[in-house]
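Here is a short note to read beside the model. Keep the sequence and the 3D view open as you go.

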Amino acid sequence: MTDVISLSEIFMLTGFCLSLYACVSNDVIQTLGTFLSTTREKPAWIIWIFATSVLVVTFFCGWYFNDGDMAFGRLDRIPFAQEFYWWHVLPPVILIYLTKKGIPVATAFLILSIFSSGTVISLMLAKSLIGYVMAFVVSIILYFIIARPLEKRFLYTKDKKISKWWYAAKWSATAYLWSMWLMQDAANLYVYLPRRLDFAQMAVTLCIFATFLAWVVYKRGGEIQNIVKLKTNTQDVRSATIIDLTYATILLYFQNVNNVPMSTTWVFLGLLAGREIAMYNRLRFETQKKVYKHVAKDFTKALIGLVVSMVVVCIINHFDKIVYIMHTYLHLD
């Protein structure tokens, strides 16, 4: 007898694929953004093989040591939905649209909130805001210290030959950051699937992931890559290495705080904002107005993404009530 796939399973698989593509398109810039900027002369297939290798090793180890759990425990507070409906597919569709507009949406809120309780959403929001503040403060302190002895020298020697050891450090830092991000954002990627996967299921999901990643690498990040390109000297391999190491270490810290999912987007933007402000105050490389305009613009985009996410989730979670009110209103007479 042939098993027939149910409508709920179709929505589940569609939601997973769209969510995976949306998260990769929107969030991959945080981890591979500086890498893509500093490896413009490298063929896309080399970048893809490198990123995919780290991806497979990270998730295979997580799957093996966590008894089939692909989310590294990040979904322990979020139960698997027993039934999936068409509205479960809406969040990743909206996320894809916002990504095309270059808006860095907090995917954790948009994707996870439709499956989460109010308590979990509050915890995610609090952890994400703390992450932004912590990254902002750490970045300001770090770049106040290293801006003149290091970043100033990087700016004035960016046209000179850079030691091959810096390139080796950049690739290592990217692997470190990429793995940390995958472990942190695994909840967004696998929330649509059962909490335990067998080997075949794990392999299929990684193949899908690798396919979407190939497209993002080929496009060199797409529109949202501009967030990185506009920042000071981020296309210098030495500066990019420091950014990656700092960001990855902050993510590693939050992984050990608790298993509540968080928005890595907010951490990343906090890091860039603190860096730009510290670099301006130490080097005066451009006007104050321009610096704070970039910081405010990034924060505003992230805030818009958060508001849109919360509105979408609210509408979906109260869809039946909204339909009832509209029906009642239209039949008042």
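1. Start with a term. A residue counts as buried when its relative accessible area is under 20%. In this predicted model, buried residues make up 53% of the 333 residues.

2. Next, the fold. The protein has 12 helices and 0 strands. Read along the sequence, the pattern is therefore α-α-α-α-α-α-α-α-α-α-α-α.

3. Now the contacts. Take those with a separation of 6 or more: 86% of them join residues 24 or more positions apart.

4. Then the surface. The accessible surface comes to about 15900 Å². Carbon and sulfur atoms account for 66% of that area.

5. On to the rings. The structure holds 23 aromatic pairs. One of them joins phenylalanine 59 and phenylalanine 209. Their centres are 6.1 Å apart, with 50° between the planes, and the pair is tilted. Phenylalanine 59 sits in helix H2 (residues 44-65) and phenylalanine 209 in helix H7 (residues 199-218), so the pair ties together parts 150 residues apart in sequence.

6. Another pair is phenylalanine 80 with phenylalanine 84. The ring centres lie 5.6 Å apart and the planes meet at 55°, so this pair is tilted. Phenylalanine 80 is partly exposed, at 24%, whereas phenylalanine 84 is buried, at 3%.

7. Last, a group to find in the view. Phe16, Phe59, Phe72, Trp178, Trp181, Tyr190 and Phe209 form one aromatic cluster.

Terms used
Residues numbered from 1 in each chain as written. Predicted model: local features only at pLDDT ≥ 70, side-chain atom pairs only at ≥ 80, totals over all residues. Heavy atoms only, no water. Phe/Tyr/Trp six-rings, centres within 6.5 Å; stacked < 30°, edge-to-face > 60°. Helix = DSSP H or I, 4+ residues; strand = E, 2+ residues; numbered from the N terminus. Buried < 20%, exposed > 50% of the residue type's maximum accessible area, 1.4 Å probe, protein only. Contact = heavy atoms within 4.5 Å. Areas by Shrake-Rupley, 256 points an atom, 1.4 Å probe, with all protein chains shown as cover.
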